[in-house]
Amino acid sequence: MRIVVCIKQVPVVSAMQFDATSKTLKREGVPTEVSSFDVRALIKAVDLVRAHGGEVVVLTMGPPQAREALAECLALGADRAVHLCDRAFAGSDTLATARVLAAAIRREPFDLILCGRHSVDAETGQVGPEVAELLDVAQITGAHTIEVNVATRRITSERETDNGFETVEVGWPALVTAAEDLAPERFPSKTDREQAKQKPIVTVTAAELPLATEQLGTSGSPTWVAGLETIETKRRGQVLTGDTLEQVVDQLVSALLKHGLFGEWQATAAPRTPAAGTVPRAGAKDIWVLGEVLHERVRPVTYELLGKAAELAQRMDASVTAFIIGAGAERHATECAHYGAQHVLVADHARLPHYDTELWAAIVADAIRTRQPGVVLLPATVMGRDLAPRVAARLGLGLTGDCIDLDLDGEGRLLQYKPAFGGSVVAPILSKTRPEMATVRPGLLDAATPDTSRRAVVERLPVPNQVARVNVVAQRRTAESAAALDHAPVVIGVGMGLGSAANLAALEPLAKVLNAAMCSTRDVSDASWLPRQYQVGLTGRAIAPQLYVAIGIRGAMEHMVGVRRAGVIVAINKNAKAPVFKAADYGIVGDYAEVVPLLTDRLQRARN
Ligand code: FAD
């Protein structure tokens with residue numbers, strides 16, 4: 001079997017620095033590495049080929065120095081490498097990148113393409129699905145297992161969903177993006193590196209690909225970065241002291257009460273006043289929100305998107321359309337109207353029992369083609385992040401993934417605010433194509449206020465009679481409450497300092513009194529104390545609770561980037577030198593086993 005692995009060379013995110021004056025990222029002297037999810041994809045490919053025979057070809061598009069990343073991949077076991085290197089590729093966004101990768105992959109037959117779920121610098125997760133669409137192959141995103149049946153030329157894979165796992169089956173050729181657990185981390189030995197020097201790295205230039213110049217680089221990119229802003233939050237870094245632990249805990253409780261715990265939480269950032277006044281906008285205006293239904297209920301992020309859509313629509317004198325897909329979807333139309341949709345498009349059919357990338361993409365892409373909305377918004381959930389790039393690639397549209405906010409510029413163009421480099425910067429992105437498309441992170445925008453007197457025009461759309469290439473074999477709900485992390489006002493973060501999974505029970509009374517959701521560090525997920533969906537950080541999810549309590553967490557940058565948008569951060573750690581104290585507002589130095597029961601008791605009293 002022939003496996004192509006697409007990799008990206010990225011700067012080591014923890015070494016990146018933002019220059020606030022020049023508003024640029026300082027890249028000089030910053031070490032680079034192969035993006036972490038890509039490494040997992042590569043290791044899995046190497047293991048599959050070792051078990052079943054074949055060849056692993058590693059592919060990257062990047063500047064001359066990306067050759068180093070390819071050399072690293074050869075040392076990790078890839079058989080040969082292809083370096084897509086040309087000045088014409090510079091400035092490519094995800095779609096322009098995907099075009100080049102797809103054109104290069106098409107030069108030779110392949111069975112599987114593996115990519116990382118997303119790159120750890122840009123974090124878009126779009127290139128994989130866009131390559132799949134351009135090559136017209138099925139995709140599985142966020143896979144944490146792959147089993148190959150060479151005889152039937154099929155793979156079975158378990159992929160992460162927002163609340164558990166889904167086992168799917170697909171025939172070759174297919175594209176799979178790797179979740180963190182797809183393969184254990186491995187590092188090449190000195191001998192591996194020496195032997196890798198004999199393996200070929202072939203350079204391919206733009207002239208060797210059947211692509212026109214205007215499809216490449218900046219000119220071939222439907223999106224562009226309109227600037228760079230820092231979103232650094234200043235933390236107090238106040239380690240609480242006192243003669244006794246009781247005194248210290250009391251100080252923390254009174255500080256939290258002052259912030260509004262158990263009452264009206266004090267805003268830590270100035271409230272964002274939506275810009276007023278109408279903005280002229282040429283061309284299509286209608287704003288579409290692709291809703292998501294999970295377990296028979298509309299996911300709250302849909303109402304957040306409808307809230308934002310209503311705000312934007314008012315400013316550009318446009319209308320808001322909700323779009324819902326699935327068997328029984330029509331029953332949610334009334335609710336979408338209550339939350340501000342003036343039109344509801346419904347694709348409701350027994351052929352849509354569960355989300356299927358290609359079927360959903362066909363429905364959405366056809367509707368966009370025929371109705372030509374101005375803006376299309378999707379949730380940056382597992383579903384939205386899987387679907388949006390597929391649709392964007394099909395229609396040749398610009399897409400900004402995982403936005404934290406949206407606005408309009410003076411010309412009525414959609415400003416799509418996208419965090420990057422672990423959330424250390426946020427870049428306003430603009431699209432050259434219409435509709436402008438974006439996915440938006442759940443939990444960050446204000447939900448629309450429902451009004452049961454509102455009515456909408458409901459329209460049913462045809463559902464194509466298309467055979468699914470990916471069969472869903474089973475679904476497991478193992479991380480039911482992980483989805484709640486998107487909206488939980490209080491979150492307790494669990495670190496390795498807890499000592500063992502059994503000690504999680506010791507945090508339950510605290511979680512109860514705070515009505516808190518739980519999340520974990522990567523090491524805790526690696527140890528399987530909590531499922532991967534609970535992992536917060538660079539390679540996990542980003543959360544924005546009003547209060548984050550980090551317990552037994554060291555405070556590695558890779559974890560703390562995931563809680564940058566938390567209102568107040570409290571750290572409990574027995575090591576006074578742990579970096580978490582600098583990244584927190586309040587810290588207590590102590591053993592969690594002593595601090596947590598006392599804190600729970602004091603909070604209970606305060607609440608009562
Ligand atoms: P540790 O580093 O083991 O820290 C445990 C802490 O508990 C220590 O500070 C210790 O003092 C304290 N402690 C011990 N006993 C007690 C006690 N009894 N009471 C109180 N405190 C105690 N990490 C993430 O979390 N999320 C990510 O998404 C992520 N992505 C990564 C991506 C890359 C590319 C890399 C290289 C790393 C990533 N990491 C991520 C890992 C990260 O660098 C850290 O290794 C991880 O966050 C550490 O987890 P921890 O704080 O639970 O464990």
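Trainee: What should I keep in mind before we start?
Mentor: This is a predicted model, in which local features need pLDDT of at least 70, side-chain atom pairs count only at pLDDT 80 or more, and totals for chains, interfaces and linings use all residues. Residues are numbered from 1 along each chain as its sequence is written, and side-chain values use heavy atoms, with hydrogens and water left out.

Trainee: What makes residues 94–105 helix α3, and how do you know that the span agrees with a helix?
Mentor: Helices are DSSP runs of H or I with at least four residues, strands are runs of E with at least two, and both are numbered from the N terminus. The expected span is 1.5 Å times one less than the number of residues. For the 12 residues of α3 that gives 16 Å, and the end C-alpha atoms are 16 Å apart, so the two agree.

Trainee: Why is α3 called largely enclosed?
Mentor: Buried means under 20% relative accessible area, exposed means over 50%, and partly exposed lies in between (1.4 Å probe, protein chains only). In α3, 12 of the 12 residues are buried, so the helix is largely enclosed by the rest of the structure. Among them are T94, R99 and I105.

Trainee: Which elements do the buried residues of α3 pack against?
Mentor: Contact means heavy atoms within 4.5 Å. The partners are the strands β1 (2–6), β6 (55–61), β7 (80–84) and β8 (112–116), together with the helices α4 (127–135) and α10 (382–395).

Trainee: What is found at the start of α3?
Mentor: A side-chain oxygen of D93 comes to within 3.2 Å of the backbone nitrogen of L95.

Trainee: How does α7 compare with its expected length?
Mentor: Helix α7 (residues 300–315) has 16 residues and reaches 24 Å from first to last C-alpha, close to the 22 Å expected. As for cover, 13 of its 16 residues are buried. Just after α7, D317 has a positive phi of about 55 degrees.

Trainee: Why are β13 and β29 said to stand at the edges?
Mentor: Two strands pair if DSSP finds at least two bridges between them. The open sheet of 10 strands runs β13-β7-β6-β1-β8-β12-β9-β10-β11-β29, with mixed pairing. Both β13 (201–204) and β29 (470–476) have a single partner strand, so one side of each is left without a neighbour in the sheet. The twist averages 30 degrees from one strand to the next.

Trainee: How do you know that β9 and β12 are paired?
Mentor: Strand β9 (residues 138–149) and strand β12 (residues 174–178) share four bridges in the parallel sense.

Trainee: What makes β22 a covered strand?
Mentor: In β22 (residues 375–379), five of its five residues are buried. V375, L377 and P379 lie on one side, V376 and L378 on the other. In general, the side chains of a regular strand alternate between the two faces of the sheet.

Trainee: Which strands pair with β22?
Mentor: Strand β17 (residues 287–290) pairs with β22 in the parallel sense over three bridges, with I287 opposite V375 and V289 opposite L377. Five bridges join β22 to the parallel strand β27 (residues 436–440), where T439 stands opposite L378.

Trainee: What else does β17 pair with?
Mentor: Four bridges join β17 to strand β20 (residues 320–325), which run parallel, and L290 stands opposite F323 in β20. I287 and V289 point one way from β17, W288 and L290 the other, and all are buried.

Trainee: Why is G493 called buried?
Mentor: G493 has 0% relative accessibility, so it counts as buried. Its place is in strand β30 (residues 490–494). Leaving aside neighbours within four places in sequence, the contacts of G493 include C519, Y548 and I553.

Trainee: How is the chain divided into domains?
Mentor: The bounds come from an automatic or database domain assignment. It gives domain 1 (2–137 + 173–221), domain 2 (232–265 + 489–607) and domain 3 (287–473). The centres of domain 1 and domain 3, taken over C-alpha atoms, are 29 Å apart, and 25 residues of domain 1 are in contact with 22 residues of domain 3.

Note on methods. A polar contact is a pair of N or O atoms within 3.5 Å; within protein, one must be able to donate a hydrogen and the other to accept it, and residues adjacent in sequence count only if both atoms are side-chain atoms. Axes are lines fitted to C-alpha atoms, for helices over the stretch in contact, and angles run from 0 to 180 degrees between N-to-C directions.
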